[in-house]
Amino acid sequence: MSLASTATSISDELYLVTEFRRGKPRAFEIIFNKHYGALCYFAYEFVDDRDASEDIVSDVFIKLWTMRDNFHHLRAIKAFLYVSVRNACLNYLRRDKMMEHHKNNLVPDLLLEEQNDYVMTRIFEVEVIREIYESIEELPPQCKRVLRMTLQGMTTEDIALTMGLSKQTVRNTRVRATEMLRKRLMENAAAFGAATIILGAAIY
Amino acid sequence: MERHEYDSFDSRLENVFRVAELIPRFKEGLLTFDETAFIADWLRESDANRRMFESMTIRESPKGRIEVIRSFEVNRQRAFQEIVERAGIQIPGVRRFRSRRVAGLLSLILVIGLGIYMCYRQVSSRPTVLPVVSLSPSKILPGRSTATLLLSNGQTVGLDSAHEGHISQQPGDVTLTNGNGQLSYISNGNASGEILYNTIVTNRGGQYKLILSDGTKVWLDASSSLHYPTTFSGKTREVTLAGQAYFEVAENKSQPFEVIVGGEKVRVLGTRFNIMAYPDEKSIETTLLQGAVAVSSGNADRTLHPGEQARLSGDGSLSVASVDADDYVAWKNGLIRLHHADVAMVMRQISRWYDVDVRYDLRGKVLPSWTLAGTIPRNTLTLEQVFKILWINGINCRLQSDAGSKMTVVVSL
């Protein structure tokens, strides 16, 4: 669910956080749904084990729920989630250092400084991907499928074969999809100022 | 990790989130001036920042990594169920979004059993997208100051910002002006023998304020009407109400103010009170904020003190209870306050204020018996925003236009 992505207005986020602090399971579920996949992926990049990633993330969400009184902004919640998952992953790695599997994982050995940069970069990347993932999920079904396959590296021809469409339809659908994404991005402006500067070209 | 390290990491992290949010717009060339400045500053802060930015904008296209996230999403619902169980999260029997009173509502806590759990699971296994809308509820604006005035000669005048200024009627013993959502009667002192009656009517989505010739102020809510004389002569000052209104009565001990509503007569002595008398609600509620009122109906007579509310129900019984009086007047300040409001009552309030019909599409399910308590700011929220609030509380609404263009909200669970 993307409550915050349909309209990234501050009041929507504050409302969500307020409801969450008051213990509304639905608000918790929204926050969970928004971040679960990305956090698992983030953990997975550390521990290289799917089950362990999921366990770590679940534990962190339970911790978040019990500490819900402490958070006033969605960003604070995100920070807590990522930092907690990071810490849990590092603990996991230290414990399993002796296992062959992790012998080559140098993260726990990095200096704190370097660790922070490394982790920060991972978080940044995951968050960008999450935003993209979220916006694609909101597309209508056909647009979504075409875009997903495109991002997976499939050729127009392969997509056309898989979906039983003509190549031109696939191209048109892709254009429509990227236009919808772009339109949604435009609607999300409002957080900062008013004037617009064009920077860079579309890379999608 | 040391506290100070956590803090600086934390604030770096917040900026990382902000920048990550902006990357998709950056790639589309949609950044605003301030956003660009923000990113530029952030890039100047460190090499690490610059490397991060480059990795996601110049070199990288996410491709396969999106699929990895999706592969974890497959288990998401199951994972949430497990968390609910492990953390002992209770599915609420009473859904609140601002709680003021606990007592008396415990009777509505549903048994936390497999049945309810399955019901909740049903809810959370629905795809988590916003309710599909055939129309855009963001276009449905909240109510505003608009009403119709019916003069004694049968003429009607639309009251809104388009008709400001004097309204004349004969005989001219009052001056009548309309402006800023307010209709004022000022006595000219030339009392003629004839008593004229006016009626002010609000429809759904309307409200209006009135100052009667004795100085009494009346706030009229949606779907309401007030019938009153243009000047008050006689032993009492009598008005007739349907719907909901809040009164601040000008003091005049020699001429008591009376409100006739439904089967009830409310006699007041220089006070502030609210009367809610909608035909589709189950009782008429008279709530006293200040002063004293006597409520009588048939054979029953009760006197209210500030903070008390008289309830006259359909069977004619009259009861008095202590309440938080401000809650019942909140509507005049632009807030829909709900107390023990079941789903149907919430929807009736929404129907009146947003001027929509309501229809239920329950597919054999029963409306839940839990009730809502809380506040919806009604002047500033569009219907879409109200839908979001209801959605969080388990009520799904979508907007539809039936043949004949009436907007209908379809409620499902």
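Visitor: Is B:Thr230 buried or exposed?
Guide: B:Thr230 is buried, because its relative accessible area is 2%. Buried means under 20% relative accessible area, exposed means over 50%, and partly exposed lies in between (1.4 Å probe, protein chains only).

Visitor: Before we go on, what kind of model is this?
Guide: This is a predicted model, in which local features need pLDDT of at least 70, side-chain atom pairs count only at pLDDT 80 or more, and totals for chains, interfaces and linings use all residues. Residues are numbered from 1 along each chain as its sequence is written, chains are lettered from A and ligands numbered from 1 in the order in which they are written, and side-chain values use heavy atoms, with hydrogens and water left out.

Visitor: Back to B:Thr230. Where is it in chain B?
Guide: B:Thr230 sits in the loop between β11 (224–229) and β12 of chain B. Helices (H or I, at least four residues) and strands (E, at least two) are DSSP runs, numbered from the N terminus.

Visitor: Which residues is B:Thr230 in contact with?
Guide: Leaving aside neighbours within four places in sequence, B:Thr230 is in contact with B:Gln169, B:Val174, B:Tyr185, B:Leu196, B:Asn198 and B:Ser213. Contact means heavy atoms within 4.5 Å.

Visitor: What about B:Gln255, buried or exposed?
Guide: B:Gln255 is buried, with a relative accessible area of 11%. B:Gln255 is in the loop between β12 (237–248) and β13 (257–261) of chain B.

Visitor: And what does B:Gln255 touch?
Guide: Not counting residues up to four places away in sequence, B:Gln255 touches B:Phe232, B:Ser233, B:Gly234, B:Lys235, B:Thr236 and B:Arg237. B:Phe232 is 23 residues from B:Gln255 in sequence, and the two are 8.9 Å apart in space, C-alpha to C-alpha.

Visitor: Which value of phi does B:Asn180 have?
Guide: Phi of B:Asn180 is near 55 degrees, a positive value in a residue other than glycine. B:Asn180 is in the loop between β6 (174–179) and β7 (182–187) of chain B, and counts as exposed at 76% relative accessibility.

Visitor: What is phi for B:Ser223?
Guide: Phi of B:Ser223 is near 50 degrees, a positive value in a residue other than glycine. B:Ser223 lies in the loop between β10 (217–220) and β11 of chain B and is partly exposed, with a relative accessible area of 27%.

Visitor: How many helices and strands does chain B have?
Guide: Chain B has nine helices and 25 strands. Of its 413 residues, 49% count as buried.

Visitor: And how many in chain A?
Guide: Chain A has nine helices and zero strands. Of the 204 residues of chain A, 50% count as buried. Among the contacts in chain A with a separation of 6 or more, 62% are between residues 24 or more positions apart.

Visitor: How do α7(A) and α9(A) cross?
Guide: The axes of helix α7 (residues 141–151) of chain A and helix α9 (residues 167–187) of chain A come within 9 Å and cross at roughly 100 degrees. α7(A) and α9(A) are therefore roughly perpendicular to each other. Their contact divides into seven nonpolar, five polar and two charged residues.

Visitor: What do those terms cover?
Guide: Axes are lines fitted to C-alpha atoms, for helices over the stretch in contact, and angles run from 0 to 180 degrees between N-to-C directions. Angles under 35 degrees count as roughly parallel, over 145 as roughly antiparallel, 65 to 115 as roughly perpendicular and the rest as oblique. Ala, Val, Leu, Ile, Met, Phe, Trp, Tyr, Cys and Pro count as nonpolar, Asp, Glu, Lys and Arg as charged, and the others, Gly among them, as polar.

Visitor: Last topic, confidence. Where is it lowest in chain A?
Guide: In chain A, confidence is lowest in helix α1 (residues 3–6), at a mean of 34, and highest in helix α4 (residues 50–66), at 95. The score is pLDDT, the predictor's confidence in each residue, from 0 to 100. Chain A averages a pLDDT of 78, and 77% of the residues score at least 70.
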